Amino acid sequence: FNGGLDDLNQEEDEFNMSAPPLVQGDKVQHYTITETIVQGWLYKKGSGNDIWGRRWWKPRWVTFVLAVYPGQPVPMPLIISHHAPGVPFPAHVMELNESTVIMAIDRTTQTAAKDSDGEDIEEWNRHCFQIVNSGTNESRIFTAPLQERNEWAFVINKELYSMEERLKKARAKEEIGEYTQGRKEERKAKRLGMDDLLNEMKEEKMNEMNQQREARRPMSPARRRSIGLPPRVSPPR
């Protein structure tokens, strides 16, 4: 039954997704956007993983955001690709983390076209940046004019550094919380231990008092006979 509810919630998330341009508070799948850093048109190189195995360049509306989602203590960076603005279903969502590396790449070719003066004509897709998650071996390559490529690479690298700092602080806070909780439990255990010790001391004292009371109480004739003592003689009046 719980599995059925999870499937329904997943379907609801899929049908309640926001369309780009994305802003704070928008939802994409199970991600909630907390900040949109940069968005715009880029060309993405085909990965060859679709049913046609295509590897040519495809236009995508790409959004670089910070978002919160289950399993992460702080907002994390995402690269969200859509076929076009206004389309609510993303073509791809890439999570960036501590194992993410971004590289600026300038492609070269041996068959560059020439202009009328015989100079090489720069290819439109020469300037690229590649995002690689070494932990999952996931990779994406995008291309843009030189200045735009540099801006994308700069802001992504900047946010990756900021993400690492946020994670360090969150983990330190979590460790402090765990240490504080452990100390509280330790003190509680000590208090419980002292309470147990006091209870034991009270019980021993009560037993000792009862024994003394029993010792002062006169023995019955039957008890005196059972342990071999002579009958008790009353003093003369």
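The model is predicted. Strand E7 spans residues 127–133 and is mostly covered. E7 pairs with strand E6 and with strand E8.

**Strand E7 and its partners**

- Six of the seven residues in E7 are buried.
- Strand E6 covers residues 100–106 and runs antiparallel to E7. Seven bridges join E6 and E7.
- Across that pairing, Met 103 faces Gln 130 of E7 as its opposite residue.
- Strand E8 covers residues 138–143 and also pairs with E7 in the antiparallel sense. Six bridges link E7 and E8.
- Here Ile 131 stands opposite Arg 140 of E8.

**The E7–E8 hairpin**

- Four residues lie between the strands of this hairpin.
- Asn 137 sits in the loop between E7 and E8.
- The phi of Asn 137 is positive, near 60°, although the residue is not glycine.
- Asn 137 is exposed, at a relative accessible area of 68%; the cut-off for exposed is over 50%.

**Other backbone sites**

- Pro 20 and Pro 21 are joined by a cis peptide bond, with omega about 5°.
- Pro 21 belongs to the loop between helix H1 (2–15) and strand E1 (27–28).
- Gln 29 is another residue other than glycine with a positive phi, near 55°.
- Gln 29 lies in the loop that separates E1 from strand E2 (31–45).
- The relative accessible area of Gln 29 is 31%, so Gln 29 is partly exposed.

Definitions and conventions
Residues numbered from 1 in each chain as written. Predicted model: local features only at pLDDT ≥ 70, side-chain atom pairs only at ≥ 80, totals over all residues. Heavy atoms only, no water. Buried < 20%, exposed > 50% of the residue type's maximum accessible area, 1.4 Å probe, protein only. Helix = DSSP H or I, 4+ residues; strand = E, 2+ residues; numbered from the N terminus. Pairing = 2+ DSSP bridges.
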